[in-house]
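Please keep the sequence and the 3D view open while reading.

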Amino acid sequence: MVIRKEQPEDYDLTDSVVKKAFMQAEYSDKTEQALVKALGKSSACIPELSLAAETDGKIAGFIMFTRAWIGDSEILALAPLAVLPEYQRRGIRTALIKERHKIGKCSIMNIRLYWEVRVSIQRYLPADTFGITAPFDVPRKNYMVCK
C-alpha cells in the first residue's frame, strides 16, 4: 500500500471511493460525496492533506483535511474518511490516519488541535467533552477530537 497526496487526475476516483464507501454505511445520509467535493473546492481545502491510499494498482482509500476554526484557533477538520468496502478491515483506514497525523503535526502547519468525524480510535474522545460542537448534525459518537 502507498499513501500519497491526491492528484487532480485522482478526483473522479476519490469521488467514487467516497460514494461507494458510504453507500451501505449505517450512519450515513448519503451526502458525504457532495460534502467532500464542496470542501475540495473551498478556500478551507489544504491540498497537501488530501491523501489517497493506493493498493493493488487502484485507489482504495481517501482522506481529506480542511481548515476550520474554534474561536480564534485554527484546527484541522477531517472530511469523511473513505475506504472501498472490499478493502475495509485491511489497515487502510489506520494507515491514512497515521499518515495524516505525521503530516499534520509537521512544522509546515501551525495547527494545534485536530477534530475527527466518523473516526473511533482509543485516543479520540467526543468533541463535546471539550465544548466543541459540529457545524452540522452528527451523532455524538461520530464527532470526535484527538487529544
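How many bridges join E2 to E3, and do these strands run parallel or antiparallel? The two strands run antiparallel, and 7 bridges join them. The model shown here is predicted.

## Overall layout

The protein holds 3 helices and 8 strands. Along the sequence, these elements follow the pattern β-α-α-β-β-β-β-α-β-β-β.

The chain has 147 residues, and 45% of them count as buried. The accessible surface comes to about 8400 Å². Carbon and sulfur atoms account for 51% of that surface. Contacts between residues at least 6 apart in sequence were also sorted by separation: 58% of them join residues at least 24 apart.

## Strand pairing around E3

E2 spans residues 45–55, and E3 spans residues 58–70. In this pair, Leu51 stands opposite Ile63 of E3. The E2–E3 hairpin has 2 residues between its strands. Asp56 takes a positive phi there, near 55°.

E3 also pairs with E4, which covers residues 73–78. This pairing is antiparallel too, with 6 bridges. Ile70 has Ser73 of E4 as its bridge partner. The hairpin of E3 and E4 again has 2 residues between the strands. In that hairpin, Gly71 takes a positive phi near 60°. E5 is another antiparallel partner of E3, joined by 2 bridges. Here Phe62 has Ala82 as its partner in E5.

## The nonpolar core

In soluble globular proteins, nonpolar side chains tend to be buried together. The largest nonpolar core of this model has 29 residues. Ile63, Ile92 and Leu96 have the most contacts inside this core. H1, E2, E3, E4, E5 and H3 each supply at least two of the core residues. E3 gives the most, with 6 residues.

What does Ile92 touch, leaving aside its neighbours within four places in sequence? Its contacts are Met1, Ala53, Thr55, Ala60, Gly61, Val83 and Tyr87.

## Salt bridges

Side chains of opposite charge can pair when their charged atoms come close. The structure holds 4 salt bridges. One joins Arg4 to Glu54, with the closest N and O atoms 2.8 Å apart. Arg4 sits in strand E1 and Glu54 in strand E2, so this pair links parts of the chain 50 residues apart. Arg4 is partly exposed, at 23% relative accessibility. Glu54 is partly exposed as well, at 28%. Salt bridges that share partners join Arg4, Asp10 and Glu54 into one network.

Lys37 pairs with Asp15, and their closest N and O atoms are 3.8 Å apart. This bridge runs between helices: Lys37 is in H2 (residues 32–41) and Asp15 is in H1, 22 residues apart. Why does Asp15 count as buried? Asp15 counts as buried because its relative accessibility is 19%, and the cut-off for buried is under 20%. Lys37 is partly exposed, at 42%.

Glu86 and Lys58 form another salt bridge, at 3.6 Å from N to O. Glu86 lies in the loop between E5 (82–83) and H3 (92–104), while Lys58 is in E3, so the bridge ties together parts 28 residues apart in sequence. Both residues are partly exposed: Glu86 at 43% and Lys58 at 34%.

Glu6 lies in the loop between strand E1 (2–5) and helix H1 (11–23). Is Glu6 buried or exposed? Glu6 is buried, yet has no salt bridge. The nearest side chain of opposite charge is Arg4, 7.9 Å away. A salt bridge requires the nitrogen and the oxygen to be within 4 Å. Arg4 itself is bridged to Glu54.

What surrounds Glu6, not counting residues up to four places away in sequence? Glu6 touches Tyr11, Thr14, Ser50, Leu51, Ala52 and Phe62.

Conventions: Residues are numbered from 1 along each chain as its sequence is written. This is a predicted model: local features need pLDDT of at least 70, side-chain atom pairs count only at pLDDT 80 or more; totals for chains, interfaces and linings use all residues. Side-chain values use heavy atoms; hydrogens and water are left out. Helices (H or I, at least four residues) and strands (E, at least two) are DSSP runs, numbered from the N terminus. Buried means under 20% relative accessible area, exposed over 50%, partly exposed in between (1.4 Å probe, protein chains only). Lys and Arg count as positive and Asp and Glu as negative; His and the chain ends are not counted. Contact means heavy atoms within 4.5 Å. Two strands pair if DSSP finds at least two bridges between them. Accessible areas come from the Shrake-Rupley method with a 1.4 Å probe; for residues, only the protein chains shown count as cover. A nonpolar core is a set of buried Ala, Val, Leu, Ile, Met, Phe, Trp, Tyr and Cys residues joined through side-chain atoms within 4.5 Å.
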